[in-house]
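Subject: Structure for your study

Dear colleague,

Please find below the structure that I promised to hand over to you. A written account of the findings follows it.

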Amino acid sequence: MANLQTTKTPMPEQEANVRNGNFLEVALGYTLEQAQNEAQRCLNCKNKPCVSGCPVGIPIPDFLAKVAEGDIAAAYGILSNANALPAISGRVCPQESQCEGKCVRCNKGDSVGIGRVERFVADWAAENGVSNVATAPKNGHKVAVIGSGPAGLTCAGELARMGYAVTVFEAFHTPGGVLSYGIPEFRLPKAIVKREVANLEKMGVEIQLNMVIGKVLTITELFDMGFEAVFIGSGAGLPMFMKIPGESLVGVYSANEYLTRINLMKAYKPDSDTPVLHNKKVAVVGGGNVAMDAARCAKRMGAEVHIVYRRGEEELPARLEEIHHAKEEGIIFDLLTNPVCIEGDEKGCVSSITCIRMELGEPDASGRRRPVEIPGSEFKMEVDAVIMSLGTQPNPMSYDGTPGLEKTRKGCVQADDHGHTSCDNIFAGGDAATGAATVILAMGAGKSAAKSIDAYIKSK
Ligand code: FAD
Ligand code: SF4
């Protein structure tokens, strides 16, 4: 008999006023008892709508049933066969719009907390020394993967499991892509990314760091080195700016740069060599998840933080949970407000930002109501830093100039849902092919492309 509790088993977490002063993980994770209680809420539906909402096709009711029985090792086997990075997706996947959004328990209350149980199972496996690194015997074929974000890592893991020799070429000195340089420690501890990457290495995946493809080696040279196929998973790490006066002042960051300094370069640690300003008052421009991450980091670095967003509360593109956490932690939301100019002092450092009030007009092409300036409503806010979080686009450095490879108008690699590009032996997926999206979509793309690469090499 299923547990008919209508709400999710609450996730233990640090108090808002404690956590906004540290970088430790906010959510503390379920105990075995809590995980079993939550898994028992699953009705084991015949048509499994949750599975159709999962881009990597995890057999969700099967692993939940094992957790409900208390057989966590079996649950991990099922989960890790389908998902190369379960401790990561359990933490940062937007489950409410994927598997949990399709769960029938939503009809009368909360969905099953699939992500919370997934996270428990992955952490339990690590704590108990259980891993799933078995691979097929080596098949003698070599594949190169560009980028070690979730798309590249998933593609590499799937191919390694099939017996391929896979080398991942990563531009940074640390693998993980946005998982390492973007998503803050308090949402995704870097020790967990390292642990998942170590599992892939145990499967034989080779990771070459500090290898900027397009500069150190070209894709054509990778083929000359004997790789039979190349997967491009180089993400969308190029920030966008507003093109308003003052954006080159000291103290104006892109969210990516700010987060990279803090997360990847550990600027939040007092003994870190990485320079970062310890600001008094910061404006974060934008309303997406990346803006919430930057704002919550700036708060933890000791600043008063304002989110400056040109539309209203309902239009904020960030996940509700992220907005809720940011508010609890004391982030101030200046909505229907848009920057027009950033001013500096005599040393060229940011001293204030001038904004204009907005009101909502008719819906635009995105279906959201268009923000319209209210004439004469300009006002100045004294700040000593501005973090621009307006979205990103792909950096085409790794693939520009590759003969025959087509790009989209936005500079992404032109690829279908299975990772095929205009070149038979080049595959692509994740943000490099779609523009900024989500971790689980990047993982799904990496998994599909691995299948396409296998089919291509077998057909040669
Ligand atoms: P990336 O993660 O960007 O990885 C690409 C990798 O390729 C990088 O390591 C990069 O260094 C490397 N690379 C680039 N060019 C080259 C080159 N020329 N040679 C070699 N290597 C190269 N999604 C969620 O689902 N949940 C979240 O909570 C979430 N939070 C986010 C927070 C932030 C701050 C950001 C920026 C994004 C967030 N996202 C989130 C989006 C998600 O992280 C991305 O959609 C996902 O990481 C894309 O994966 P990817 O593998 O395609 O690219
Ligand atoms: Fe269980 Fe919800 Fe999936 Fe049904 S839809 S099998 S209740 S997780």
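I begin with proline 61, which touches Cys42, Asn44, Lys48, Cys50 and Val51 when residues up to four places away in sequence are left out. Please keep in mind that this is a predicted model. Proline 61 lies in helix α4 and is buried, with a relative accessible area of 3%; the cut-off for buried is under 20%. Between proline 61 and alanine 39 there are 8.7 Å in space, C-alpha to C-alpha, although the two are 22 residues apart in sequence.

**The helix around proline 61**

Helix α4 covers residues 60–69, and its buried residues are Ile60, Pro61, Phe63, Leu64 and Val67. Because these residues cover an arc of only 165° around the axis, they are on the same side of α4.

Against which helices do the buried residues of α4 pack? Their partners are α2 (32–39), α3 (49–52), α5 (72–82), α7 (99–102) and α8 (114–127). After α4 comes glycine 70, with a positive phi near 95°.

Asparagine 263 lies in helix α13. Is this residue buried or exposed? Asparagine 263 is buried, with a relative accessible area of 1%. Leaving out residues up to four places away in sequence, asparagine 263 touches Ser180, Tyr181, Gly182, Ile183, Pro184 and Glu185.

Most residues other than glycine have a negative phi. Lysine 243 has a positive phi, near 65°, and is found in the loop between β5 (238–239) and β6 (252–254). Lysine 243 counts as exposed because its relative accessibility is 76%, and the cut-off for exposed is over 50%. Lysine 266 also has a positive phi, near 60°. Lysine 266 lies in the loop between α13 (255–264) and β7 (281–285), and at 24% relative accessibility it counts as partly exposed.

**The protein as a whole**

The secondary structure comes to 17 helices and 16 strands. How does the radius of gyration agree with that of a compact globule? With 460 residues, such a globule would have a radius near 23 Å, and the protein has 23 Å, which agrees. The C-alpha trace spans about 70 × 60 × 50 Å along its principal axes.

Of the 460 residues, 54% count as buried. Among contacts between residues at least 6 apart in sequence, 69% join residues at least 24 apart. The protein exposes about 19900 Å², and carbon and sulfur atoms supply 53% of this area. As for charge, the protein has 47 positive and 54 negative charges, and their mean positions are 3 Å apart.

Yours sincerely,
A colleague

Notes. Residues numbered from 1 in each chain as written. Chains lettered and ligands numbered in written order. Predicted model: local features only at pLDDT ≥ 70, side-chain atom pairs only at ≥ 80, totals over all residues. Heavy atoms only, no water. Helix = DSSP H or I, 4+ residues; strand = E, 2+ residues; numbered from the N terminus. Rg over C-alpha atoms; globule rule 2.2 N^0.38 Å. Buried < 20%, exposed > 50% of the residue type's maximum accessible area, 1.4 Å probe, protein only. Contact = heavy atoms within 4.5 Å. Areas by Shrake-Rupley, 256 points an atom, 1.4 Å probe, with all protein chains shown as cover. Lys, Arg positive; Asp, Glu negative; His and termini not counted. Charge placed at Lys NZ, Arg CZ, Asp CG, Glu CD. Arc of directions from axis to C-beta.
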